[in-house]
Structure formats: C-alpha cells, structure tokens
Amino acid sequence: MSLESPQQTARTRLSVSAALVAAGIMFSRISGFIRITLFSYVFGLRSDAGDAFQAALRIPNFLQNLLGEGVLSASLIPIYSALMVEDRDRADRMARAVLAILAVITSVFVLIGIAATPFVVPLIAGGYTGEKLALTVNLVRILFPGIGLLVMSAWCLAILNSHHRFFLSYAAPVCWNAAIIACLWIFRHDELSQLAIRLAWATLAGAGLQLAIQVPVVWRLMSGQWSRLHADVAEPVKKVLRSAVPVVFTRGVVQVSAYVDSSIATWLGTGAVSAVTNAQQLNQLPIALFGMAFSSASLPSMSTAAAANLPDALRTRIIAGQEMITALVVPSMVAFLACGDVMVAMLLEHGKFTHSDTLYVWGVLAGSAVGLLATTVSRLYVSAFYAVGDTTTPTRFALLRVALVGGLGYLLALPLPRLIGVSPSWGAAGLTASAGLAGWVEFLLLRRALQRRIGPVTIGPKLAARAWMVALGAAAIASLFRLTIPPTWHVARGLVILGVFGALYLAGAQATGLLDSNSIVRRVLRRR
C-alpha cells in the first residue's frame, strides 16, 4: 500500500511523463548548445555577418511559431485525442484534413514572405544598413521555405504526443542542429558573409531532416487511407480551427514581443543582437525543460479532469506542476546569477569570442533571470486554460505583456544607460530584464483569473524558501572552485563548478523533500 499523499502521487506521475518530454528536449538543447558554441567560435560576438544571420533566423521563425507547435498542441491534441476514443479512423481523417489546411496556409505565407522580405526586414532591423541589411534580406529569403517544413514537423509532434510518443517529437530538432553544425565545421574557414549564406541553406536542409525523421512513425500510427477525406470530419476540423485562432493570436503577440526586443537591440551596436540571442538560448533551456515538459505532460490529464468536471483533480495537477517547476527553476535562476560567466565561458569563449564578450552576455543573461520562474509557471497556467476550453484569457494578458515589454524595453535599453553613464550596449541587459518584469505581471494575472475559475492554485511559501536556501548554499560552495581552477580552463572550470552546484542542489533537494528522485526513477523503469 502506497504511503504517498494524492499530491505526492500526482507530482511523481507528472514527473515521469515530463521526464520523457525533458529527455527529448535535453538532446535537442545539447545539440543546440554545440551549434551556438561553434557559431560563436567561427563568427565571434561582434561580426556583421553573425548579427545578420541571427536576425534573419528570427524572422521566418515568427511564422513557424505562429502556426506551429504551441498552436497545434493547444488546438489539435485535445480534439484528436477525444476522437481517438470514439472513432480512431475518423480521428485520423480529421488530423489529415488539418494537415492539408496547414499546407495551404503555410505555402501562401511562404510565397508572400519571400516577395515582401525587402520591405519587412527594415521594420524589425531598423539599425541595419548597407551590406549588413542586404545580407539579412538575402538570408531571410533563403530561410523562408523552411517555415512550411517546420510547421509540418509541428503537426507530427501533435500526433505523436496524442499517442504518448513524447521522446521522438522533442528530440527531432537534433537533425536541424546537426545540419547547421556540419555546415559550420566544413566551411568554417570561408569568408563570413559567404558562410552565413551557406548556413541559411543548411538550416533549410535541417528543417527537412527534422520532418523526415518523424514521418515514418506518424505513418505507422495513423490508420486508414491517407488519400481519403470525408465530410464527417468537418465539424471537428472547424473546432480545431476555432480554438486555434485565439492561440495563434496569443502566439503572435508573444512573437511580436520578441521582435520588439530584437528591433531595439539593433540600435545598441554590433554584437547586441547576438548577445541577446545567446542569452535567450541559455534562458530558454529551463523554460523548455521544465515549463514545456510539465505543461505538455499535464495537458492530456488536465483536459481529462476538465472534461469530467473534476476541479479538485485539475487543481491537484496544476499545484503538482508548480511545485516541481519551482523546485527545478529556482536553482536555474541562481545558476544564471552566480555562475553565468562560467556557463557562458564554457560554451562560447572560444576562437573569436573573448572574455569581455563573456561578461557582456552574462549581464544580459542575469537580466533574463528576473522573470524566469514567472515565465515558466505561466506556461503551465496557459495549458490549464486550454484544458478548460478557454483560449481567449491568455490572449488578453499576452497583449498586455507585449505593451509592457515594448514600453519598459525602450526605457531600460535606450534612455537608462545614458542616464546612469554606462555604455549603450548594456541596454541589452535592460531588454531582458524588462521582459522578465512583464512576465511577472502576466503570471499574476493568469493566476488570479485561474483561481477565480477553479479555486486556489497557489503553493506554500515554504517550498520556494527551501528551494532558494538549498540553491544559494550549493552556489556558495561551488563558487569556491573559482579559486582553484584557472579562468582560462573554460570547459574544465564550467564542468566542475556547474557539476558541483548541480550535485549539491539535487542532494539538498532530496534531503529536504523538494524532489523524490527515487520514486521518479522507479516509475520510469516500470513504464519502460
């Protein structure tokens, strides 16, 4: 007989599902860090070609994020999963119909995007001129067709997740990163502008590989004839599209927020865009590993609880997710603040990337730590709203967040450095801090609205206090190794300091009841 409380059981079960998602994300992120390490080695931080590629990569990603993973997870998965219980063949026909509609929409956007690139790029990269602007336009045109491939890949992810095949869908981006890594290594001695063009083509090829690795498994999972579409799927397809509209809008305003940051960064001098991008790569790791993992793993069970009108079960899942996210994100915040320079140096301080570049990116990363916990928990809250069929409330709060990011970002990035007498380039840290402050406002609004709907979902302050105590103690002990390892030994220094920090935190979390790794491991092995 289990002695676990319902809350502990929910946390452990959720952790097992989230672990499968996180494992796939971890493989993808590791390959991503190899990519940005090699990119920094070849391009450095302050090259026009590097800035142009980083800015160009953001532009087509806007549409991919707008039409891709988050939208399909929120709109397709609940309806497709429900139909599979009733009629598996009908569910597959509905999913294929959605795929056909996506193919048409993305094709139109790609064609329009390629034609409109010279007019769009100056709007979001206003600080770029001359050859730098021309290179960015050229890169965007090459990258645009990859949108369709990545959106199709997101559709595959929705199908795989509905069948509880979490690992492959989140590990598939390894192929995308691998294509870029191979190009960087093979052509690393090329002139940088020419290399940026080669990288754009490699990025397009990587998007094709990311889709191709998922297609065979999806093909086997889906029943029926792929060529047949029937009128009986019209209503569920309409439901998917209706629920997708506000989600697209929400994703859109979030992406606009990112582009506001990117646009402001283009006015902060060469290297600012790359610094913000590098910091975001690191900042997104805990958000992806914990926010995406727990929200993705929770969505099916929260949808089931909401459909069965079981608010207590729904609250239990939300609270369990918050507790796990808090226990795992707080040490990430402490690591960014206390050991961010070690982390950046280990990954990026090679080749043309200098120690002053490391300190610069660390400052930008520290700014992003301000809102890390709020942003990560907000992903879980948004999934809870989607589970209860409310896709409009998150949109309203996302709009407010964009307005705050724009206003605060401008003030903290442009006037503030001049007022306090620091280099204008440090406005990049103000940008990331403004996004964090806006994230806390969105978090509080989402929590209040959710509690009005289903009751209290807050966690006790003692758990957060224990997490901070253990994390700060682990950071203090790990930092002592700074005195014994030479600063020039970037990789060894990073592995030792971050490894000691991680090991001490996990041990402390286990001892204080923040994490129960033994139960999680047992359940994972039992599932396998």
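Reply: Start with burial. A residue is buried when its relative accessible area is under 20%, exposed when over 50%, and partly exposed in between (1.4 Å probe, protein chains only). This is a predicted model: local features need pLDDT of at least 70, side-chain atom pairs count only at pLDDT 80 or more, and totals for chains, interfaces and linings use all residues. Residues are numbered from 1 along each chain as its sequence is written, and side-chain values use heavy atoms, with hydrogens and water left out.

Me: What percentage of the 528 residues in the chain is buried?
Reply: Buried residues make up 57% of them.

Me: What is pLDDT, and what is its mean for the chain?
Reply: pLDDT is the predictor's confidence in each residue, from 0 to 100. The chain has a mean of 81. Of its residues, 86% reach 70 or more.

Me: Which helix has the lowest mean pLDDT, and which the highest?
Reply: Among the elements of the chain, helix α21 (residues 517–527) is lowest, at 49. Helix α19 (residues 461–479) is highest, at 93. Over residues 520–528 the pLDDT is below 50. Beyond near neighbours in sequence, that stretch has 13 contacts in the model. A contact means heavy atoms within 4.5 Å. Where pLDDT is low, the predicted coordinates should not be read in detail.

Me: How many helices and strands does the chain have?
Reply: Both are DSSP runs, numbered from the N terminus: helices are H or I, at least four residues, and strands are E, at least two. The chain comes to 21 helices and zero strands.

Me: What span should helix α18 have?
Reply: The expected span of a helix is 1.5 Å times one less than its number of residues. Helix α18 (residues 427–454) has 28 residues, so it should span 40 Å. Its end C-alpha atoms are 41 Å apart, which agrees. Gly 455 follows α18, and its phi is positive, near 105°.

Me: Where is Gly 430 found?
Reply: In helix α18. Gly 430 counts as buried, at 12% relative accessibility. Leu 408 is 22 residues away from Gly 430 in sequence and 8.4 Å away in space, C-alpha to C-alpha.

Me: Which residues of α5 are buried?
Reply: First the general idea. An α-helix has 3.6 residues a turn, so residues three or four places apart point the same way. Now the case. Helix α5 (residues 130–143) has 14 residues and reaches 20 Å from its first C-alpha to its last, close to the 20 Å expected. Its buried residues include Lys 132, Leu 135, Leu 139 and Ile 142.

Me: How do helices α15 and α16 pack?
Reply: Axes are lines fitted to C-alpha atoms, for helices over the stretch in contact, and angles run from 0 to 180 degrees between N-to-C directions. Helix α15 (residues 372–387) and helix α16 (residues 393–413) pack at about 150°, with their axes 9 Å apart. That makes α15 roughly antiparallel to α16. Angles over 145 degrees count as roughly antiparallel, under 35 as roughly parallel, 65 to 115 as roughly perpendicular and the rest as oblique.

Me: Which residues of α15 and α16 meet?
Reply: Thr 375, Val 382, Phe 385 and Tyr 386 in α15 meet Thr 393, Pro 394 and Arg 401 in α16. The residues of this contact divide into four nonpolar, two polar and one charged. Ala, Val, Leu, Ile, Met, Phe, Trp, Tyr, Cys and Pro count as nonpolar, Asp, Glu, Lys and Arg as charged, and the others, Gly among them, as polar.

Me: Is Ser 298 buried or exposed?
Reply: Ser 298 is buried, with a relative accessible area of 1%. Ser 298 lies in helix α12 (residues 272–307).
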